[in-house]
Amino acid sequence: MGCINEITGTTKLTGLLGSPVAHSKSPLLHNEAFRLLALDYVYLCFDVTEDELATAYEGLKKINIAGFNCTMPDKTKICELVDELSPAASMIGAVNTVVNQNGTFVGHNTDGIGYIRSLKEEGFEIAGKKMTLLGAGGAASSIMVQAALDGAREIDVFSRKGRFWEKAGAMVADINAKTPCKATLIELGCEDTLGASIQTSDLLCNATTVGMAPNIDGCLITDKKMLHENLFVSDIIYNPLETKLYQMAKNAGCSVSNGLYMLLFQGAEAFKLWTGQEMPVEEIKKKYFNL
């Protein structure tokens, strides 16, 4: 199926902006999908910090890039730069996918859709369930909003009082006003409060970078006694594949997942936005994920 595409004078450029990005699997997934469907596209990684983002974005516009992904730490800053925001990206306040629509650069957010689909692949349905969510940044915001829209009963959002705190508070208020889901923002720091939330939750999601390479010893859960065997533990990190939280949850008898499926399915949504075609996810899963 398909053929290996050569880069030509008409090849359309896509890519990933963030820092660090050298570990990213996105080029493998997208370039293989382009090959399988014989599409004249290429996907590259660009290490761009938040301070460098505005300059990089202007350069990409000038060369008429077809579209690109944003990862940490660029997901919120890019909202200020694009020409338009999709309704979901506007509500979330973060963008992970930008599409060039005839010179108009539109920011989208496919993280939440990818995350909920990843849970379904693992056999977990969010509807009617309670989630303890760690983090309030771009990825956490998209997960929070999509979970509420897809019928989560309750979401406890734990975050430090930093740059995302006020935005998270506004989003929680929005969820409570617009959906049946009960959302609560709680300051991260008190183990007893966090433990009590987890004990009454069906799902624990780490949507922070704590535990990601190279700082693999990090973990926001300090004791596996905070977990229970009926809990599904989801860490959106995929480098390493088994974070300290992942290993702790597995040892506690929890069902566990890493960020590979979320990476795949958020990428599939971005791929469709750029090309108008469905990513061949089954072939990608077999080749790169052993799934």
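Student: How do β7 and β8 pair, in the parallel or antiparallel sense?
Tutor: Parallel, over 5 bridges, between β7 (residues 130-134) and β8 (residues 154-159). Two strands count as paired if DSSP finds at least two bridges between them. Strands themselves are DSSP runs of E, at least two residues, and helices are runs of H or I, at least four, numbered from the N terminus.

Student: What should I know about the model and numbering?
Tutor: The model is predicted, so local features need pLDDT of at least 70 and side-chain atom pairs pLDDT 80 or more, while totals for chains, interfaces and linings use all residues. Residues are numbered from 1 along each chain as its sequence is written, and side-chain values use heavy atoms, without hydrogens and water.

Student: Back to β8. What is the bridge partner of Leu 133 there?
Tutor: Val 157.

Student: And what is the strand order of that open sheet with parallel pairing?
Tutor: β9-β8-β7-β10-β11-β12, 6 strands. The edges are β9 (182-187) and β12 (255-257), each pairing on one side only. Twist averages 15 degrees from one strand to the next.

Student: Which strands does helix α8 touch?
Tutor: α8 (residues 244-251) touches β10 (203-206), β11 (232-235) and β12. Its direction makes about 160 degrees with that of β12. Angles run from 0 to 180 degrees between N-to-C directions, with axes fitted to C-alpha atoms, for helices over the stretch in contact. Contact means heavy atoms within 4.5 Å.

Student: New topic. What is the order in the mixed sheet?
Tutor: β2-β1-β3-β5-β6-β4, also open, with 6 strands. β2 and β4 (84-85) are its edges.

Student: Which pair there is antiparallel?
Tutor: β5 (residues 97-101) and β6 (residues 104-108) pair that way, over 5 bridges. Val 99 stands opposite Val 106 in β6.

Student: What about β1 and β2, parallel or antiparallel?
Tutor: β1 (residues 12-18) and β2 (residues 41-47) are parallel, over 7 bridges. Leu 17 has Phe 46 in β2 as its bridge partner.

Student: How do α1 and α9 cross?
Tutor: At roughly 45 degrees, with the axes of α1 (residues 26-36) and α9 (residues 260-275) coming within 11 Å. They are therefore oblique: under 35 degrees is roughly parallel, over 145 roughly antiparallel, 65 to 115 roughly perpendicular, and the rest oblique.

Student: Which residues of α1 make that contact?
Tutor: Ser 26, Leu 29, His 30, Ala 33 and Phe 34. On the α9 side, the residues include Gly 267, Phe 271 and Trp 274.
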